[in-house]
Amino acid sequence: MTEWILPANRSYRAYDALRDLQTIEWGQNAKLRDAAVGDIAYIYECDPVKAIRWKCRITAVNRTVCVIDDSAYSDDPVEYTGPHLEMEAVYAYPFYRQLSLEALRKHGYKGSMQGPCQVSSYRGLAGYLHKVEKIQTSEPGLAGLAAQASLLELRELAGKHSLACPTARAVRARQYVRSPLVAEYAKKRADGKCELCGQPAPFLDRYGRPYLEAHHVQWLSRGGGDTAANTAALCPNCHRKMHVVQDPGDVFALRRKLENE
Ligand SMILES: [Zn+2]
Ligand SMILES: [Zn+2]
């Protein structure tokens, strides 16, 4: 499997074409003679982007008749008449500045983006590309990058990567069977006040009862029991805080409070 960098023609809006069509065709000039199905293609865009924004996989080579109409993305009516290869979009890099010409140069690239080249021609470049992909395709990596980004950058990214119709994703999660009686008991015991901060429940539920949430002091996923002694009734604020911060002082205070259960 070979990895290629393919600089997009200035007159071709490669980013939009890949986003909208997912599969595009690409002139297969002499430099791409050895391209094969399964090869990876990093699409580089010139001014003003000057970065790789898409990773693609080559799905067909030596095609003599074009079957995909991407004329809406091209300002240049002159058709390349040689063979074409076909590729499908694999991944759009949200933080493509990590793959700017400058960044690529810093990590081994020595060319001038004047035509297709093989990533392996430049020492260290493949390792860098793979590292960036690993960061940008993992949730913690992406969250870390987002945390460092500026408000303007995030505004642009959020717009580009927002989904009008989010796709559902199946999640496998372990669910613990818990007794509604234990939860109900804890809420009765709390008598309308949060067992951590002591404040009254912030609102009443639709039946007019103070709204509190049952929380397991030692999480069920960590071996805690669904028992009255391990279940506290908390206001939504404190409950969220327990899960986000898990402050040892809070845990201690709840344990103290429940120890005589
Ligand atoms: Zn509270
Ligand atoms: Zn909880």
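This is a predicted model: local features need pLDDT of at least 70, side-chain atom pairs count only at pLDDT 80 or more; totals for chains, interfaces and linings use all residues.
The donor atoms are the SG atoms of Cys194, Cys197, Cys235 and Cys238, which lie 2.2 to 2.4 Å from the zinc ion (ligand 1). The arrangement is tetrahedral because the 4 donor atoms subtend angles of 104 to 115°, every one of them falling between the limits of 85 and 135 degrees. For reference, the ideal angle for four tetrahedral donors is 109.5 degrees.

The zinc ion (ligand 2) has histidine donors: ND1 of His215, NE2 of His239 and NE2 of His243 coordinate the ion at 2.1 Å. Their spacing in sequence is H-x23-H-x3-H. His239 and His243 both belong to helix α7 (residues 236-244), where a separation of 4 residues places them about one helical turn apart. In general, an α-helix has 3.6 residues a turn, so residues three or four places apart point the same way.

Helix α6 (residues 180-190) has Val182, Ala183, Ala186 and Ala190 as its buried residues. Viewed down the axis of α6, these residues fall within an arc of 100°, and therefore line one face of the helix. Pro180, Leu181 and Lys188 are exposed on the other side of α6. The cover over the buried residues of α6 includes strands β7 (213-216) and β8 (231-234). Asp191 follows α6 and has a positive phi, near 55°.

Elsewhere, Tyr15 is located in helix α1 (residues 14-21). Tyr15 is buried, with a relative accessible area of 6%. Between Tyr15 and Tyr73 there are 58 residues of separation in sequence, and the C-alpha to C-alpha distance is 9.3 Å.

As to confidence, the average pLDDT of the protein is 89, and 93% of the residues score at least 70. Confidence is highest in strand β1 (residues 3-7), with a mean of 98, and lowest in helix α5 (residues 151-161), with a mean of 75.

Conventions. Residues are numbered from 1 along each chain as its sequence is written. Chains are lettered from A and ligands numbered from 1 in the order in which they are written. Side-chain values use heavy atoms; hydrogens and water are left out. Donors are N, O and S atoms within 2.8 Å of the metal (3.2 Å for Na, K and Ca); water is not among the atoms, so sites may look incomplete. Helices (H or I, at least four residues) and strands (E, at least two) are DSSP runs, numbered from the N terminus. Buried means under 20% relative accessible area, exposed over 50%, partly exposed in between (1.4 Å probe, protein chains only). The arc is that of the directions from the helix axis to the C-beta atoms. Contact means heavy atoms within 4.5 Å. pLDDT is the predictor's confidence in each residue, from 0 to 100. Four donors count as tetrahedral if all angles lie between 85 and 135 degrees; four count as square planar and six as octahedral if opposite donors are over 155 degrees apart and all others between 65 and 115; anything else is irregular.
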